[in-house]
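Take a first look at this protein chain. The paragraphs below go from the whole fold to single residues.

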Amino acid sequence: MAKLPRYREIADAIRTKIDSGECKVGEALPTEAELVKEFAASRVTVRQALKLLIENNELESIQGSGTYVKEKKVNYDIYQQSTFEEKWAHLGLHTHSDVLTFEVMCPSLTMAENLNITEKDRVYYVKRVRYIEDNPITVEETWMPLALFPDLTYEVMRHSKYDYIENTKKLVIDRSEQEVIPILPPKEIATLLGIDPSQPIIEKRTRSFLQDNTVFEYSINTFKTTDYKFTLVSKRR
């Protein structure tokens, strides 16, 4: 394997410092002169490394002030069935949910089809805002069959529904079908996420299955594009 150019080695070393928490989000990096000394490299090479990280939105240069670590977007692995908390666990940040709506209702014809139930069956409808620290990250609307989860509570939905399903109900979650669409947010969603209604967001529609092929939920999540990115990997057959 060919040796990496020196500026890319330095960029990777700075990334490691960021990932380890040695260089924290919002903090300024050492000065250019200090980096030149630390990496025993030329000023031009250090500038190339910083330019690469700035172009990748990992750093931000503020004229007259310095170069700062930018907050990372979460890489949403669409192939990994994981909870909201699990997706953020590596950052060591506090997560919580505000439940705005928790009610039992009759499903629409479309929702009954999505959940593989009849329109006469009842479903839970839950709307909640998910937070990282005090930052609203996503608004989630969830529909779940009442017959499958007769003891579901408001308190459960303040935390992890997957924890409830797997550890309380002892059910095995198998997979989900997901659709991702860029949209302009409705006014209410924009308000809940604290963004301008003209700022595009990501809408993810999810149909989730248990191991026995039972559909246990249908959900719609809206994500701020400032916090999330979706990366897909495809292979040619």
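Helices (H or I, at least four residues) and strands (E, at least two) are DSSP runs, numbered from the N terminus. Counted in this way, the chain has eight helices and ten strands. Keep in mind that this is a predicted model.

Start with the chain as a whole. It has 237 residues, and 39% of them are buried. Buried here means under 20% relative accessible area. The accessible surface comes to about 14,100 Å². Carbon and sulfur atoms hold 50% of that surface. Now look at how the chain meets itself. Take the contacts between residues at least 6 apart in sequence: 59% of these join residues at least 24 apart.

Next, the cysteines. How many disulfides are there? The count comes to zero. A disulfide would need a pair of cysteine sulfur atoms within 2.5 Å. C23 is buried, because its relative accessibility is 12%. C106 has a relative accessible area of 44%, so it counts as partly exposed.

Turn now to helix α7, which covers residues 161-168. Which of its residues are buried? They are K161, Y162, Y164 and I165. Seen down the axis of α7, these buried residues fall within an arc of 165°, so they line one face of the helix. What does that face pack against? The buried residues of α7 meet several strands, among them β5 (123-132), β6 (135-145) and β7 (173-183). They also pack against β8 (201-210) and β9 (215-224). Helix α6 (154-157) is another partner.

Both ends of α7 have a detail to show. At its start, a side-chain oxygen of S160 comes to within 3.4 Å of the backbone nitrogen of Y162. Just after the helix, K170 takes a positive phi of about 60°.

Positive phi turns up in two loops as well. A40 is not a glycine, yet its phi is positive, at about 50°. A40 sits in the loop between α2 (32-39) and α3 (43-55). Is A40 buried or exposed? It counts as exposed, because its relative accessibility is 70%. E133 is not a glycine either, and its phi is positive at about 55°. This residue lies in the loop between β5 and β6. E133 counts as partly exposed, because its relative accessibility is 37%.

Now for the charged side chains. Side chains of opposite charge can pair when their charged atoms come close. How many salt bridges does the structure hold? There are 18. Three of them are worth a visit.

The first stop is R15 and E58. Their side chains meet in a salt bridge of 2.7 Å, N to O. R15 lies in helix α1 (residues 6-20) and E58 in the loop between α3 and β1 (59-62), so the pair ties together parts that are 43 residues apart in sequence. R15 is partly exposed, because its relative accessible area is 23%.

The next stop is E38 and K17. Their side chains form a salt bridge of 3.0 Å, N to O. E38 belongs to helix α2 and K17 to helix α1, so this pair links distant parts of the chain, 21 residues apart. E38 is partly exposed at 40% relative accessibility. K17 is buried at 18%.

The last stop leads back to α7. E217 forms a salt bridge with K161, and the closest N and O atoms are 3.4 Å apart. E217 is in strand β9 and K161 in helix α7. The two are 56 residues apart, and the pair links distant parts of the chain. E217 counts as buried, because its relative accessibility is 2%. K161 is also buried, at 6%.

What does S219 touch, leaving aside residues up to four places away in sequence? Its contacts are E141, T142, W143, K204, R205 and T206.

Methods:
Residues numbered from 1 in each chain as written. Predicted model: local features only at pLDDT ≥ 70, side-chain atom pairs only at ≥ 80, totals over all residues. Heavy atoms only, no water. Buried < 20%, exposed > 50% of the residue type's maximum accessible area, 1.4 Å probe, protein only. Arc of directions from axis to C-beta. Contact = heavy atoms within 4.5 Å. Polar contact = N/O pair within 3.5 Å; in protein donor to acceptor, adjacent residues only side chain to side chain. Areas by Shrake-Rupley, 256 points an atom, 1.4 Å probe, with all protein chains shown as cover. Salt bridge = Lys/Arg side-chain N within 4 Å of Asp/Glu carboxyl O.
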